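Hi,

Here is the structure I promised to pass on. Have a look, and my notes follow below.

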Amino acid sequence: MTSHAVEGTHRPPRSVGDRVFPALVTAAGAVILVTLAGVALFLTYEGLPALTAKAADIPGADSFAAYVWPLLYGTLLASVLALLFAVPVSIGVALFISHFAPRRLASSLGYLVDLLAAVPSIIYGLWGIFFLAPRLVPLYDWLAGHLSWIPFFAGPASVTGRTILTAGFVLGVMVLPIMTSICREIFLQTPRLHEEAALALGATRWEMIRMTVFPYGRSGIVSGAMLALGRALGETIAVATILSVSNVVSLNLISSTNPGTIAANIALKFPEASGIEVNILIATGLVLFIVTFLVNFLARAIVGRRAEFSGAN
Amino acid sequence: MAKSIDVSDLDIYYGDFLAVEGVTIPIAARSVTAFIGPSGCGKSTFLRSLNRMHEVIPGARVEGKILIDGADLYDPDVDPVEVRRQIGMVFQRPNPFPTMSIAENVLAGMRLNSRKLKKTEASEIVESSLRRANLWNEVKDRLTKPGSSLSGGQQQRLCIARAIAVQPQVLLMDEPCSALDPISTTAIEDLIHELREDYTIVIVTHNMQQAARVSETTAFFNLAGVGRPGHLIEYGPTTKIFTTPENPATEAYISGRFG
Ligand SMILES: Nc1ncnc2c1ncn2[C@@H]1O[C@H](COP(=O)(O)OP(=O)(O)OP(=O)(O)O)[C@@H](O)[C@H]1O
Ligand SMILES: [Mg+2]
């Protein structure tokens with residue numbers, strides 16, 4: 001390493017690109033951080049008055065915590081339901097595209113999935129309320145009739161089908177494309193060498209997938225799920241359209257009394273809000289912001305725990 | 001336990017490209033057969049056709065016949081998965097599973113064959129397989145570390161341990177020592193000597209001395225030119241191939257005058 005010895009006095013000339021490019025990417029990184037900090041500052045500044053607001057100023061609750069809790073609960077519940085639908089289905093579809101379908105079918109299917117991601121969420125909302133909800137009513141009736149001993153299906157079943165379960169299902173369909181796309185990309189990246197190693201040991205196709213594709217794609221699947229969760233947490237219009245809200249905290253998934261979600265609540269209330277009410281809505285936004293952060297940190301922790309075995313090295 | 005292989009008039013295609021043409025060779029049970037020949041002549045391709053691994057490459061297919069102990073390898077009723085459990089393979093490039101520990105890598109094949117493995121049984125298999133592959137002393141203290149934490153040569157020996165852990169009847173090795181130092185190479189060659197008692201071994205190598213040291217039979221492959229199919233030029237007892245080959249091309253290759 002003789003070049004190091006002279007570096008202090010005699011810096012090697014660098015090309016224009018080598019100097020400009022780092023500056024550009026540093027600037028881009030800084031813009032993201034500044035934006036994020038700006039959003040956080042705004043939310044905190046505008047939301048703070050809500051935390052000290054008088055009980056009389058808070059609609060339907062006597063403290064901000066009591067106001068936001070059912071909304072937070074509803075947000076998390078709908079998102080978790082969405083993931084419960086979306087994760088298995090998207091892994092299945094992605095696997096079919098990456099490892100089972102004939103090449104022509106795989107590429108058109110992949111294209112179709114990507115197209116689904118571009119459908120605006122209001123369309124999903126309309127589909128949910130006009131198509132899906134009425135068709136789910138018989139199912140809810142059946143669940144309430146036969147499985148009412150499970151708290152989730154305690155009933156009475158909603159007659160409109162506009163339940164948190166329907167909302168969760170529609171959210172699930174909405175996040176399906178992005179998660180499928182990510183999983184497909186990850187699955188396709190499994191090194192051929194390792195797949196062949198499994199096959200040469202006498203693994204069936206499914207065993208090969210369990211030995212190589214899944215372990216290799218584990219962190220990618222988690223990232224995809226978190227991205228999907230992030231989208232579900234923040235989804236506004238579809239939920240606002242579908243859900244009939246009465247701001248309760250309950251495990252019951254199929255009744256007409258449902259918790260709302262933070263994002264949908266903001267959208268519904270904001271047009272008529274004034275004064276301290278605006279601060280309260282912004283404060284709920286801050287809660288959503290924090291929750292989204294926590295979810296991402298959690299995902300990172302999960303992914304990082306076994307990084308050594310990730311196959312990245 | 002060991003099985004003989006009988007190849008007659010085998011053509012191997014990648015799509016429309018004829019990669020290997022008209023190979024006919026008997027491979028005796030409990031023997032070591034070495035494949036030598038210049039790069040690109042189809043040694044790996046031919047080797048893969050012996051345990052139907054070519055089938056995992058889209059478009060790859062064979063024409064001709066291979067008999068394993070008299071049974072047709074390409075019979076429609078034969079399950080390629082079953083074939084590969086009995087005909088093990090070590091690849092040209094080391095490919096341990098990066099998401100598994102060293103011990104799990106060794107046991108990977110066993111886990112496919114028989115789900116239930118007692119703990120003591122498992123650790124015995126891990127130790128004996130790693131010892132035979134001359135890797136035990138280097139990894140015995142870190143069996144739970146990922147397989148990808150090893151050096152290239154160690155990874156290759158791990159792959160050999162993984163392949164012999166299931167006690168296959170035939171062992172196909174594609175340049176198993178190309179990434180190894182002389183000490184590990186000697187260990188692998190010793191292992192091959194030892195395995196010959198029970199197994200049928202086919203080894204591809206670019207190292208003439210190695211072919212001469214480990215094999216009883218040597219087969220020389222060659223190709224007439226780029227884009228032309230590879231051919232089996234001649235095969236016979238290793239001593240004969242290396243001293244008095246029949247084909248001038250073989251002699252030229254062995255004496256290092258080309259390839
Ligand atoms: N997956 C593939 N698809 C298409 N052609 C292939 C494929 N693998 C190998 N070939 C072609 O088949 C021919 C034989 O290749 P093969 O890998 O069997 O050679 P080899 O004798 O093993 O060479 P080396 O000594 O360099 O390993 C080459 O012309 C190669 O380009
Ligand atoms: Mg090769």
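**The sheet in chain B**

In chain B, 10 strands make an open sheet with mixed pairing, ordered β5-β4-β1-β2-β10-β9-β3-β8-β7-β6. (Strands are DSSP E runs of at least two residues and helices H or I runs of at least four, numbered from the N terminus; two strands pair if DSSP finds at least two bridges between them.) At the edges sit β5 (71-72) and β6 (87-90) of chain B, each pairing on one side only. Helix α6 (residues 152-165) of chain B packs on the sheet and touches β6 and β7 of chain B, contact meaning heavy atoms within 4.5 Å.

Before you dig in: this is a predicted model, where local features need pLDDT of at least 70 and side-chain atom pairs pLDDT 80 or more, while totals for chains, interfaces and linings use all residues. Residues count from 1 along each chain as its sequence is written, chains are lettered from A and ligands numbered from 1 in the order written, and side-chain values use heavy atoms, leaving out hydrogens and water.

**Where B meets A**

29 residues of chain B are in contact with 25 residues of chain A. The two chains bury about 2200 Å² between them, 64% of it on carbon and sulfur atoms (accessible area lost on being put together, 1.4 Å probe, summed over both). On the chain B side, B:Phe97, B:Thr99 and B:Leu112 lose the most area to chain A, together 26% of what that side buries.

There are 2 salt bridges between chain B and chain A (side-chain nitrogen of Lys or Arg within 4 Å of a carboxyl oxygen of Asp or Glu). B:Arg85 forms one with A:Glu207, with the closest N and O atoms 3.1 Å apart.

Cheers

Key: Axes fitted to C-alpha atoms, helices over the stretch in contact; angles between N-to-C directions.
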